[in-house]
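Hi,

Here is the structure I promised to pass on. Have a look at it first, and my notes on the side-chain contacts follow below.

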Amino acid sequence: MWSSLQVAPRRDIRPFQAQEAPVLPGRKSVYPVLFSLSQAASPHESSLIVSTPKRSFDRAIATARAFSITPSVFQETCYFELSGPSSLESLSCALCFVPTEQKIELINRLGRSGLKVVECASYVSPKWVPQMKDNDAVVNGIDHLPGVSYPVLVPNMAGMKNVLKNKNVKEIAVFAAASEGFSKKNTNCSIEESLKRLGEVAEEAIKNGIKVRGYTSVVIGCPYDGKTNPAKVAALSEALLSMGCYEGS
């Protein structure tokens, strides 16, 4: 089980400096990132949900206090923030095409399980991810349960144009990587180029009344570049919130 720490907006904290982060034994990467994410949330009427394994929740709170983060910035929440992106992650790696009906059934089961967020499709080019060629059929075929959000992943404006053709899409997710190596391998562009693309996508979505959430990949470490600099994670989170994401994770 994962527990959620919600970082509330605040304007009176100083900019994050990576070397200021205290290090706790065995948690050299996680907690500087935790702190930098809290700082990134400050100028916006948005929030960042920082998830941590339940067994690490008390350590995370202790670390927040070690940073002298007050309850108005770092709040323990009494709920669990769980989402279901695994439906996309697992399906995109399948060796054979998974029938549309089975995708719909999987997503419906995830929605009925109590999840509040279930990613249901990815508007990527079917040339690169053939598994997602039935995205419209899936979005239109699932049970849109009250209180459950069904965002679709959108990497660029080509995908956004297709999203706008489907009136059942109410929320999208944009994603960026905190390392140059992963960004180039995953989206074939630099972080800077990626943020430019995503900014255009977010602007178009918001203009059309579609909510936008943001994801940051490789916040702890990258398989290509090694350990991730927490300051880069903070900067990327800041950029996603600035472009209009109502939540970052």
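There are seven salt bridges in the structure, counting a side-chain nitrogen of Lys or Arg within 4 Å of a carboxyl oxygen of Asp or Glu. Bear in mind that this is a predicted model, where local features need pLDDT of at least 70 and side-chain atom pairs count only at pLDDT 80 or more, while totals for chains, interfaces and linings use all residues. Residues are numbered from 1 along each chain as its sequence is written, and side-chain values use heavy atoms, with hydrogens and water left out.

One of the bridges joins Asp134 and Lys103, at 2.8 Å from N to O. Asp134 sits in the loop between strand 4 (121-122) and helix 5 (135-141) and Lys103 in helix 4 (residues 100-112), so this contact ties together parts that are 31 residues apart in sequence. (Helices are DSSP runs of H or I with at least four residues, strands are runs of E with at least two, and both are numbered from the N terminus.) Both Asp134 and Lys103 are buried; that means under 20% relative accessible area, with exposed being over 50% and partly exposed in between (1.4 Å probe, protein chains only).

Glu247 and Arg213 also meet in a salt bridge, at 3.7 Å from N to O. Glu247 belongs to strand 10 (residues 247-248) and Arg213 to strand 7 (residues 211-217), so the pair ties together parts 34 residues apart in sequence. Glu247 is buried at 11% relative accessible area, and Arg213 is buried at 4%.

Then there's Glu204 with Lys207, bridged at 3.2 Å from N to O. These two both lie in helix 8 (residues 191-207), three residues apart, or about one turn of the helix. Lys207 is exposed, at 63% relative accessible area. Glu105, Arg109 and Arg112 are linked in a salt-bridge network.

On to the rings. The count is one aromatic pair: Phe182 and Tyr224 are tilted, 6.2 Å centre to centre with 45° between the planes. (Rings of Phe, Tyr and Trp, the last by its six-membered ring, pair if their centres lie within 6.5 Å; planes under 30 degrees apart are stacked, over 60 edge-to-face, and the rest tilted.) Tyr224 is partly exposed, at 48% relative accessibility.

Finally, Lys133 lies over the face of Phe97, 4.8 Å from the ring centre, and Lys211 lies over the face of Tyr246, at 4.4 Å. The rule here is NZ of Lys or CZ of Arg within 6 Å of the ring centre and within 35 degrees of the ring normal.

Cheers
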